[in-house]
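Hello,

Here is the structure I promised to pass on. Please open it first, then read my notes below.

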Amino acid sequence: MDKISYLRQEFQENYESVPDFIFFAPGRVNLIGEHIDYNGGLVFPCALTVGTYLAIKLREDTTIRMRSLNFNNELETPLTELNKTNEWFDYPIGVLKALEKEGIEASGMDMLYYGTIPNGSGLSSSASIEVVTAYALNAIAQKGINTVDLVKLSQKVENEFIGVNCGIMDQFAVGMGKENHAIALNCDTLEYDYVPLATDEYILLIGNTKVQRKLADSKYNERLGECREALRIAQKTFKVNHLCELSLEQLESVAADFENKMVYRRARHVVTEQERVVKAIKLLKANDLAGFGKLMNASHDSLRDDYEVTGEALDTMVAEGRKIEGVLGSRMTGAGFGGCTVTLLHKDSVQEFIDKVGKHYKEKLQTQPEFYAVGVGNGVMEIKN
Ligand code: GLA
């Protein structure tokens, strides 16, 4: 049974009715440009074909009912009493509250979510829930807020309601993705450009370490603080608003000003990553996949050595992956501290990769990893009959 028929059937079973609307928002994978979105950098993510479906039926009263096919709990509450739950409901609740501030009052609804992104894998299931909710409520209320503004609103929910100070990359990729294209996104200006992904012979394979991203949120906010400190030091000499405006040469020229060498290494990751992204996009446009792969490798190494957000699971998966013939590049993707890797490899090498990397990884980490050959899909949308 296809996903939509399944969702309709479950809606019928859960709510004994037929949904009025169905929406979908994808997950995302970042190809290169990690931990630089909140430093005004250029990032290069794409939307996936897996994501979050949301079916809605409007009600006559002002009750909200929320369920997900991925979790066992449910919420039923009057619209006026929506409060933080410390459960997954907080993503939609945060969006409902943020939209209310924008003058979009929801009516009573039965909502059913169905996610096809592995939970907690770092493929942006939370951004996907936020964006699908914001897009759906805006479409139903016919308010005409554009998708980029809904993306910004969703990021704000994550920052202010959830408490993770993430950048804009995830919500943007989820909202604005394009089938078979990656997005070159300038996170300072929000200018963007779609770059075709030639995926005939070479494909993207995601490796899920199945290591929950423990402490990811607190470590994430810690890195953000370190970058702010580095920026303050650089600003004593250079007139810049973001770390990504510095060249490596400029950073090196003020190295002595950094008493804390760890903070210097964080800045060095940011500055070199920005340079890698610029080169990587050029190489991809010139169809130089081997060159692109090398930069993916260099990105991972910098995240491991200078930014220190990888850890044994990600490092093992990447190191084993690079041993397989036909692999052009392999790196962690997303925030790190567990989660997923992304590998660019020849399609004939996929089975060998899954077998060998899977075996060695399991021996070392005592955990069975998962692998997905992913499709690159479109951003958030309404699914019409
Ligand atoms: C998480 C955040 C993004 C980005 C990445 C790291 O996915 O939500 O904003 O900072 O980590 O590149």
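**Salt bridges and the ligand site**

Asp110 is buried, with a relative accessible area of 4%. Buried means under 20% relative accessible area, exposed over 50%, and partly exposed in between (1.4 Å probe, protein chains only).

A word on the source. This is a predicted model, where local features need pLDDT of at least 70 and side-chain atom pairs count only at pLDDT 80 or more, while totals for chains, interfaces and linings use all residues. Residues are numbered from 1 along each chain as its sequence is written, and side-chain values use heavy atoms, with hydrogens and water left out.

Back to Asp110. Its side chain meets that of Arg59 in a salt bridge (3.1 Å, N to O). A salt bridge is a side-chain nitrogen of Lys or Arg within 4 Å of a carboxyl oxygen of Asp or Glu. Arg59 is partly exposed, at 23% relative accessibility.

How many salt bridges does the structure hold? There are 24. Side chains of opposite charge can pair when their charged atoms come close.

Another pair is Asp301 and Arg322, at 3.2 Å, N to O. Asp301 sits in helix α9 (residues 289–305) and Arg322 in helix α10 (residues 312–322), 21 residues apart. Helices (H or I, at least four residues) and strands (E, at least two) are DSSP runs, numbered from the N terminus. Both ends are partly exposed: Asp301 at 23%, Arg322 at 29%.

There is also a network of salt bridges. It links Glu222, Arg223, Glu226, Arg265, Arg266 and Glu308.

Now the ligand. The residues around it include Arg28, His35, Asp37 and Asp170; to be counted, a residue needs a heavy atom within 4 Å. The shell divides into five nonpolar, three polar and four charged residues. Here Ala, Val, Leu, Ile, Met, Phe, Trp, Tyr, Cys and Pro count as nonpolar, Asp, Glu, Lys and Arg as charged, and the others, Gly among them, as polar.

A polar side-chain atom of Asp37 lies 2.5 Å away. For the side chain of Asp170 the distance is 2.6 Å. His35 uses a backbone N or O atom, at 2.7 Å. Taken alone, the ligand exposes 300 Å², and the protein buries 93% of that (Shrake-Rupley method, 1.4 Å probe).

Asp170 also forms a salt bridge with Arg28, at 2.7 Å between the closest N and O atoms. Asp170 lies in helix α5 (residues 169–176) and Arg28 in strand β1 (residues 21–30), so the pair ties together parts 142 residues apart in sequence. Arg28 is buried, at 3% relative accessibility.

Best wishes

Terms used
A polar contact is a pair of N or O atoms within 3.5 Å; within protein, one must be able to donate a hydrogen and the other to accept it, and residues adjacent in sequence count only if both atoms are side-chain atoms.
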